[in-house]
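Subject: Handing over the structure

Dear colleague,

I am passing the structure on to you with this message, and below it you will find my notes on what turned up. Please read them with the structure open beside you.

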Amino acid sequence: MDTPILGLRREHLRRLQNADGGWGYFAGKQSWFEPTAYATLALYGDKESAGAVAGAWRLLRSWQLADGGWKPAAHIENSTWVTALGVTLCTVLEEYGRPFDSGLRWLLRTTGAESSLSFRVREMAGLADLGRSTKFRGWPWGGGAASWVEPTAHSLVALKKAAVRRPGGEIRTRIDEGERLLTTVRARDGGWNYGSPSVLGIELPSYPETTALALLGLQEHTPVGALERLRRLEGGAPSRLADAWASISMSAVGEVSGCRPPRAAPADLMIAALEALAAPGGNAGLFRTHPAKAERTT
Amino acid sequence: MSSDVTRRMVLPVSAAAMLAGYAGITGKGTSDSKARWVAPQARSHVAIVRAESYSGDLAMRIREGIRECGLQVRGKTILLKPNLVEFDSSTAINTDVALVAAALDVFRSLGAADVRIGEGPGHRRDTYDLAEQAGYRGGIARFDDLFTDLNRDDVSEMHGFADEPSMFFPNTALKADLIVSLPKMKTHHWAGATLSMKNLFGLVPGSVYGWPKNKLHWIGIDRSIFELNRNFRRTFAIVDGVIGMEGNGPIQGTPKKCGALVMGPDLAAVDATCCRIMGIDPEKLEYLRMAAAIGNVAESRIEQRGEKISAVRTNFELSPNFKKVRL
């Protein structure tokens, strides 16, 4: 049965679904892949929401491009990082047909611009410097940009879930490199900033949301001290987004977050969906990529 | 929203943008856009007004600057674009809420048809909580109704941005008759200084390009600053130099009191003036060298109004990699 917060958020999401089946970042705005994917995951398995989930998937499925990637919104004809969410959705909805395979292939061949031959040549000639190791391949937000923590973490979740159905060397290699990249860019304080641990030699602090996402990507073997760092970051930034990701991430590693969202739903529908996922009884476990551990109560 | 509605929305946006002078939205390529790179024929007016603190009458100061620059806003839709970067409210990272609130009052009182506030922070995604922490929600009445998260607004396509086939920008910015850039006066470890021109990075939607907007770094930070300002031409700047940031800006630097607001319709001229106030040679910053194609950077091409530069000049500590640009 829904807990009060979960029920409230799910009702809120159903009420604000766009006519095309998607959700905007805010009520009444155009549908985007990202909030639609999170809302679909948040409503998945809820009897009252079956129609909403089916409508959302119809829309998202129609947004897959010929190259196998997914576009972020109806009128943007470029495949982006949201493809990771698309592949994760396929595994949750058990849609293992062509959309799944072509999305998976897109993820396997997509890398940050720092992995391109031209960048590597310029880097070796001393003409380019990303300020961090470029040895391992991760995932960018979109074409023509470097790998960053958030798209890499989502891609790792997608590949690990996909690997259950499509095991193989190529997928294992990308998972391994993606994990190594996240480990490489870990901030000195034990968490994660958005991409690099330092700029021009000056250390950057970690953030709760990116630390939570990195942990989600690395959940099978959480680096020593990372969970403790996330616990210290929790509530440090007054951010509902950060709180929701921290709860989801902790759930994935069998921990319980101390964050509790306010009763009132946020205007931001993406955060509303993440709070539904993070709520007690919610679907945070859909991001789990390993057998569930018993949750510990803090 | 249906694709039908999207199409109906985009067409008037494109038309409005053409009328408003957005160079790239016409659907023409970069080479065609280059034909419209026109630096001002006349000297640019830049007003410097003293503002010793945020508790003073900032509205009066802004009015003074607007009057000096001859800006007319009656009947226009205006987008105020402050610089919201980080949750840390103990330092001078974000444009002070008092300045944004004062600008809102001034533009309304001058007869603007509509005044909105919009920002698309570069790396923190939770924009409303960021605004809360910066005091915007408490300090500006009905803030949530006035504010648009430009990272996650509805977007339309623009052609002619650098060498990209197209770029997407928020409709709130594309539809505005005037974008008022309200940056903090700060040093910047990649660009030397971050002022009214760099502040337009916040118009690039994270929903398409991510957090941070790393694509702009690969296009080139200086080039991207130039391209944004070449494409968004109906602009005015009010730079928050009451307390700026020196050293390792734009985030990890230290507060620096300057006690001035710098205003004008030519953002290149405003930034060049700010640099001279900060003790930076603007002609040694790459983005301002590029900006000379669309605005006035040379001191001889800028008509200073209000205070003289020498009256408010205070050398900002520079990032180590920009020591050579000291004026």
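A salt bridge is taken here as a side-chain nitrogen of Lys or Arg within 4 Å of a carboxyl oxygen of Asp or Glu. Before the findings, please note that this is a predicted model, in which local features need pLDDT of at least 70 and side-chain atom pairs count only at pLDDT 80 or more, while totals for chains, interfaces and linings use all residues. Residues are numbered from 1 along each chain as its sequence is written, chains are lettered from A and ligands numbered from 1 in the order in which they are written, and side-chain values use heavy atoms, with hydrogens and water left out.

The interface

With that rule, five salt bridges are found across the interface of chain A and chain B. One of them joins Lys29(A) to Asp153(B), whose closest N and O atoms are 3.0 Å apart. By class, the side of chain A that touches chain B has 25 nonpolar, nine polar and ten charged residues, where Ala, Val, Leu, Ile, Met, Phe, Trp, Tyr, Cys and Pro count as nonpolar, Asp, Glu, Lys and Arg as charged, and the others, Gly among them, as polar.

In terms of contact (heavy atoms within 4.5 Å), 44 residues of chain A meet 33 residues of chain B. The two chains bury about 3,300 Å² between them, 58% of it on carbon and sulfur atoms; this buried area is the accessible area (1.4 Å probe) that two parts lose on being put together, summed over both.

Salt bridges within the chains

Over all chains, the count comes to 45 salt bridges. In chain A, Arg14(A) pairs with Asp46(A), the closest N and O atoms being 3.1 Å apart. Arg14(A) lies in helix 1 (residues 4-15) and Asp46(A) in the loop between helix 2 (33-43) and helix 3 (50-62) of chain A, so the pair ties together parts that are 32 residues apart in sequence; helices here are DSSP runs (H or I, at least four residues), numbered from the N terminus. Arg14(A) also forms a salt bridge with Glu48(A), with 3.3 Å between the closest N and O atoms.

Asp46(A) is buried at 13%, Arg14(A) is partly exposed at 23%, and Glu48(A) is exposed at 64%.

In chain B, the side chains of Glu303(B) and Arg305(B) meet in a salt bridge of 2.9 Å, N to O. Salt bridges that share partners join Arg43(B), Glu68(B), Glu303(B) and Arg305(B) into one network.

Cysteines

Zero disulfides are counted over all chains, a disulfide being a pair of cysteine sulfur atoms within 2.5 Å. For Cys69(B), the nearest cysteine sulfur is that of Cys274(B), 12 Å away. Cys69(B) is buried, with a relative accessible area of 11%, and Cys90(A) is buried as well, at 0%.

Conventions:
Buried means under 20% relative accessible area, exposed over 50%, partly exposed in between (1.4 Å probe, protein chains only). Helices (H or I, at least four residues) and strands (E, at least two) are DSSP runs, numbered from the N terminus.
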